[in-house]
Amino acid sequence: MKDSVPARKRILVIGGGFFGMYLAEQLARQGCAVRLVEKDPAMMSRASYANQARVHNGYHYPRSVLTALRSRLSFPRFVEEFRECIDSGFEKYYCIAAPLGKVSAKQFLKFCERIGAPCTPAPHGIRALCNPALIEECFSVQEYAFDAVKLRDLMAARIAAAQVHCSTETSAERVTPKGDGVMVELLHAASGEHETVYADHVFNCTYSRINFLPARCGLDLVPLKHEMTEMCLVDVPDPFKRVGVTVMCGPFFSVMPFPPVGLHSFSHVRYTPHYEWRDGDRPGFFDAEDRFRGDLRHSAWRYMQKDAARYFPVLSECEYRDSLWEVKTVLPRSESDDSRPILFLPHYGLKGFHCVMGGKIDNVYDVLESIDAHNLLS
Ligand SMILES: Cc1cc2nc3c(=O)[nH]c(=O)nc-3n(C[C@H](O)[C@H](O)[C@H](O)COP(=O)(O)OP(=O)(O)OC[C@H]3O[C@@H](n4cnc5c(N)ncnc54)[C@H](O)[C@@H]3O)c2cc1C
């Protein structure tokens, strides 16, 4: 008698950002039949592109040691796995602001020691550029940037090799229970046709739109905070060309190489978020997509630059080129300590419907661990 071969799990991944692509590839490699749908014409064109491109190595999180330690674990793994997408050829400095800083230089150094992150006094060149009345200390650190376009191309090749069936311009519109799995209604934007597919497991990797399907299907909204953000792209003066700087922590701004376009990204804690809203606070659901498409955009670049130039006067010579606008979504609990845990909600209101969100790119490894820990695919 022949052994019966267990049926391949059918998986639908919704959202072709980095999280959806990575998950789709990993699940296909585990033997699942995976389909990935993305509503836009291109993969990784939303938050996975429009962000500061920082490969976190812990420094950013002096108020959340857990996030810092998780970053320290995932940093070498991410850098190794995506070596060809990493820009490590610049000097990165963390500068501690005084007198308004929430963290002193001594505390920052101690924190780096605690998480085992390299941190040494910065060389004279960068110190000479900062305003000593407002910067207590500058440290050289090990932090890199990723190239989102190279990452997208690499992931596209990897999911093709793993035989993931991909459809762009295809949005998931509704989920309903069916037996042990989920029926998903898809809408193909080009033809206007609807398609209904069955999956044993559906992974909702839609980041700022995590609540779109729950809202449509009468499920509870996941409590989330959204910010409409502006990341400026600027041409920096010569001394900053191969330099990235983060000034923390109170005033908090970062100027970092943004590899896909050969400019620097510029974010500022006060001016990058333009406004915010929350899901789950009140009845009704505000679709982040409507805000993203319909928003009137007035750049806050002048304010960012003016404030940053108080700390590094040479930044007044930056030339503004463009802005990346994106909805940033965080868990409300991250507000107090600026932590970046993943959101992982297995069987969210429906058996087989799982909501997944990573607060930063390298958190994908935590998502894989959670899937294993919940034994989801056995
Ligand atoms: C301003 C800003 C700065 C940041 N800086 C950093 C940083 O420096 N380093 C870092 O590691 N992280 C950073 N992040 C966080 C990082 O960008 C996110 O953690 C990550 O991109 C999330 O990836 P994702 O795949 O979940 O989301 P996305 O890349 O947004 O992908 C979600 C996809 O789902 C699609 N979608 C939505 N609804 C549907 C639907 N119904 N059907 C089909 N498709 C759908 C969307 O079109 C989108 O392509 C930053 C984020 C922002 C906004």
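Predicted model: local features only at pLDDT ≥ 70, side-chain atom pairs only at ≥ 80, totals over all residues.
Let's start with the helices. Two packed helices are described by the angle between their axes and the distance between the axes. Here, helix α1 (residues 18–29) packs against helix α5 (residues 148–161) at an angle of about 25°, and their axes lie 9 Å apart. Angles under 35 degrees count as roughly parallel, so α1 is roughly parallel to α5. The crossing that α1 makes as it passes α5 is left-handed.

Now turn to strand β21 (residues 353–357). Because 5 of its 5 residues are buried, β21 is largely enclosed by the rest of the structure. In a regular strand the side chains alternate between the two faces of the sheet. Both faces of β21 are covered, with Phe-353, Cys-355 and Met-357 buried on one side and His-354 and Val-356 buried on the other.

What does β21 pair with? Strand β13 (residues 201–204) runs parallel to β21 and is joined to it by 3 bridges; in this pairing, Val-202 stands opposite Phe-353. Strand β20 (residues 343–345) is also joined to β21 by 3 bridges, but these two strands run antiparallel. There, Phe-344 has Val-356 of β21 as its bridge partner.

Notes: Residues numbered from 1 in each chain as written. Heavy atoms only, no water. Axes fitted to C-alpha atoms, helices over the stretch in contact; angles between N-to-C directions. Helix = DSSP H or I, 4+ residues; strand = E, 2+ residues; numbered from the N terminus. Parallel < 35°, antiparallel > 145°, perpendicular 65-115°, else oblique. Left-handed = near helix turned anticlockwise from the far one by under 90°. Buried < 20%, exposed > 50% of the residue type's maximum accessible area, 1.4 Å probe, protein only. Pairing = 2+ DSSP bridges.
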